[in-house]
Amino acid sequence: MTGNLTGDTPSDSPHQQRDGLIRVLLADDDQLVRAGIAGILSTASDIVITAEASDGTEALELARRHSLDVVVLDIQMPRLDGIRTLEQLRREQPHVPVAMLTTFSDEAYIAEAITLGALGFFLKSDDPRHLIGGVRALAGGGAAFSPRVGRWLVRQETGARFGRSTRAQSTARELTHRQRELLAGIGRGKSNAQIAKSLHLSEGTVKQYLSVLFTALGVENRVQAAIIAYEADLLNERP
């Protein structure tokens, strides 16, 4: 599930649109892990590791000094952990999407991260393709999950936040055909531009439609909408 908490649909990054490069800030207190993930992301020609931080305080300082398209934060860090760093980043730079690096020992924090505005969740053991594809999805205005984290979210979080499958399917049935197409696109991790292309709409029209869709669903962001798409089984509908 590769697919973006601060209300409406986020706009595509102006920096990434300008020259095609995705500028990333990576924060993790484990130097070996940080170097490994930086190495993986750097193999992509369109991704640049602009800055690296060893804790949340340093990450905030670097975020203020650099133009960024995506921030990747470890949840467990000294001085200022990933959750508190995320909270501050959403206040200071709400246009920059943030993904969390997690392990399944961090389960208790995942729901809080969603509420605070995390648009992506990556496992440190993820396939390199998931990390690279996830960063690209975030930079393009989408949301991104490690497949294992996506399945965990559906199993663990959906019941508390949105009801189980029956409720999600009931909600989806009340949507128009176009809204179901949009919701399925979000669940598949498509950016606004990708949804617009697949539905032969302008990107501006897609943003307007998504704002109406989120209101209809009673959600605030793409992560919450994507969970409903999963629970309603919309991803198995023909694109």
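Is S146 buried or exposed? In this predicted model, S146 is buried, at a relative accessible area of 1%, where buried means under 20% relative accessible area, exposed over 50% and partly exposed in between, computed with a 1.4 Å probe on protein chains only. Residues are numbered from 1 along each chain as its sequence is written, and side-chain values use heavy atoms, with hydrogens and water left out. Because the model is predicted, local features need pLDDT of at least 70 and side-chain atom pairs count only at pLDDT 80 or more, whereas totals for chains, interfaces and linings use all residues.

S146 is located in the loop that connects β6 (144-145) to α7 (147-156); helices (H or I, at least four residues) and strands (E, at least two) are DSSP runs numbered from the N terminus. The side chain of S146 forms a polar contact of 2.8 Å with that of D126. Such a contact is a pair of N or O atoms within 3.5 Å; within protein, one must be able to donate a hydrogen and the other to accept it, and residues adjacent in sequence count only if both atoms are side-chain atoms.

D74 belongs to strand β3 (residues 70-74) and is buried at 2% relative accessibility. Beyond its neighbours within four places in sequence, D74 has contacts (heavy atoms within 4.5 Å) with A27, D28, D29, G82, L101 and K124. An unreviewed UniProt entry annotates D74 as "modified residue: 4-aspartylphosphate"; UniProt positions follow the numbering used here, feature names are shortened, and annotations may be inferred rather than shown by experiment.

G141, in the loop between α6 (128-139) and β6, is buried with a relative accessible area of 1%.
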